[in-house]
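Welcome, and thanks for taking a look at this structure with me. Have the sequence and the 3D view at hand, and we can walk through them together.

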Amino acid sequence: MAKPRIVKFQYPESLEEMPLGPSAVAGILTESNAGWRVQRPVIDHTQCTKCLLCWVLCPDGVIDKEPEMLEIDMNYCKGCGLCAHECPKGVIKMVREGE
Amino acid sequence: MINKSKSSHFDFLNGDEAVAYGAKLCRPHVVAVYPITPQTIVVERISEFVANNLMNCEYIHVESEHSAMCAAMGASLVGARAFTATSSQGLAYMHEMLHYVSGSRFPIVMMNANRTLAAPWNIFGDQRDSLAQRDTGWIQVYVENGQEALDMIIQAYAIAENDQVYTPVMVNLDGFVNTHTFELVNIPEQPEVDAFLPPFKSKNAIDFDRPRSFCMTASPEWNMEFRYQQQEAMKNAEKVIAEVDQKFGDTFGRYYGGLVEEYRCQDAEVVLIGMGSVVGTSRIVVDKLRDKGGKAGLVKLRFYRPFPGEYLKDLSTKVKAIGVIDRDISFGYEGAVASDIKSALCRAGWSPKVINFIAGIAGRDITKENIEEMYNKLFHLTQGKEEKELQFVGLRW
């Protein structure tokens, strides 16, 4: 899966480098949104059948199905818990960050 | 004003038609307009040009003036030359978008037919509509007749699209007095206009090879720098306006003087300053006063933004009293134009004797007699007599 890469935004360093009107380079991610998360999903890989329902439902598309075991991109998972709620086997647990 | 152009021709046009011809000659890719009296003839003529294949542009029938400016902005965003026209309530309705367009640096040209604002409802001319848009970041020019209207539409694109400016331009015609008065207007030939105004190659358009986000948020840490840019662009415009006028005159034989035009100001003791159609009437009065030996002069304020502050500082050293005709009033103070002129005079260290004449509100005629009376009051000042600083001219009671 092509995971989004964070690109450092180059701020103008002089008046000459200011854009003409409020515009800036598009299509780049300048920061992750991991900080939004209060709880993170943890998959019990011993039980997971890779039915991919979580992959379909994840609103942020952060679940990678390509590796042998599902991987969650924690830079962009905002911790909504939808995957844990919908997992038919109940093998995704939401764990408080910092615990 | 002698026409040097060999291949151009004259036609009997009203001011609105002159604007339509001016727009046609500029080959805009997109025209998005909503009709409103007294601008409607502009819309009608352009739609006829398009329907008759005399004008190759996307003509968008919008549902409001707000949408007209939005559509023009979208067009400019993709690199198109865009034109629109409005008046009064329509201008007020698109107010929000005026800021968007200037702040995003899209060089759109708009004609505005100066008409008063309701209430009381009235379709006739004064300049309260456009003067109320002072701080929207648009360049504003006020024309005196149909010929200047046509010529200024062409010049407006040359000014707006200049690399150092990239700021939209509003070309103002007094409602009815300019928009509906017929006169002989010289229409330049297309190849000459094409040479004067090359195709628009926007440096602020969407580029699929270098994708950008437009009209984005700028935080408090960055917003002020964009505003500074706009102020710098306006300062640049002062120079560009003079250059464009010179080049236009060299090409078409008609020079307008840039930010201001002086009429018989040499050795003048009193000077009247006005904008738009009232200048034409005032010329006749000045001639009459001069014939009788009165040292009267006239200044035609052409551009309201950028404001010719430096010129006025200079003028203040030459004359004894100045009258300002405002077809407008900022309730609770005075006319908007007079305030700016006084501020320029104060910068020159002059304690100005200025009378602000509020006249021509909502289409009230400003007669030659009215103007002569204004000059008489200015002469009173030079003789040491007292005059009220703010005077309504032609008030019923």
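In chain B, 28 residues of domain 1 are in contact with 18 residues of domain 2. Please keep in mind that you are looking at a predicted model. Which parts of domain 1 of chain B make up the side that touches domain 2 of chain B? At least two residues each come from helix H6 (128-131), strand S6 (139-142), strand S7 (169-174) and helix H9 (220-252) of chain B. The largest share belongs to H9(B), which gives five residues to that side of domain 1 of chain B. Sorted by class, the side of domain 1 of chain B that touches domain 2 of chain B holds twelve nonpolar, nine polar and seven charged residues.

Now let us step back and look at chain B as a whole. Chain B contains 13 helices and 16 strands. Its radius of gyration is 21 Å, close to the 21 Å that the globule rule gives for 397 residues, so chain B is as compact as a globular protein of that length. If you follow the C-alpha trace of chain B along its principal axes, the trace spans about 70 × 55 × 45 Å. Of the 397 residues in chain B, 50% are buried. Among the contacts in chain B with a separation of 6 or more, 81% are between residues 24 or more positions apart.

Our last stop is the meeting of the two chains. Here 16 residues of chain B are in contact with nine residues of chain A. On the side of chain B that touches chain A, strand S9 (212-213) and H9 of chain B each supply at least two residues. With three residues, H9(B) gives the most to this side of chain B. The residues on the side of chain B that touches chain A include seven nonpolar, five polar and four charged ones.

In which sense do strand S1 of chain A and S9(B) pair? Strand S1 (residues 24-25) of chain A pairs with S9(B) in the antiparallel sense, over two bridges.

Notes
Residues are numbered from 1 along each chain as its sequence is written. Chains are lettered from A and ligands numbered from 1 in the order in which they are written. This is a predicted model: local features need pLDDT of at least 70, side-chain atom pairs count only at pLDDT 80 or more; totals for chains, interfaces and linings use all residues. Two residues are in contact if their C-beta atoms, placed from the backbone, lie within 7 Å. Helices (H or I, at least four residues) and strands (E, at least two) are DSSP runs, numbered from the N terminus. Ala, Val, Leu, Ile, Met, Phe, Trp, Tyr, Cys and Pro count as nonpolar, Asp, Glu, Lys and Arg as charged, and the others, Gly among them, as polar. Two strands pair if DSSP finds at least two bridges between them. The radius of gyration is taken over C-alpha atoms; the globule rule is 2.2 Å times the number of residues to the power 0.38. A residue is buried if 20 or more other C-beta atoms lie within 10 Å of its own, exposed if 12 or fewer, and partly exposed in between; C-beta atoms are placed from the backbone.
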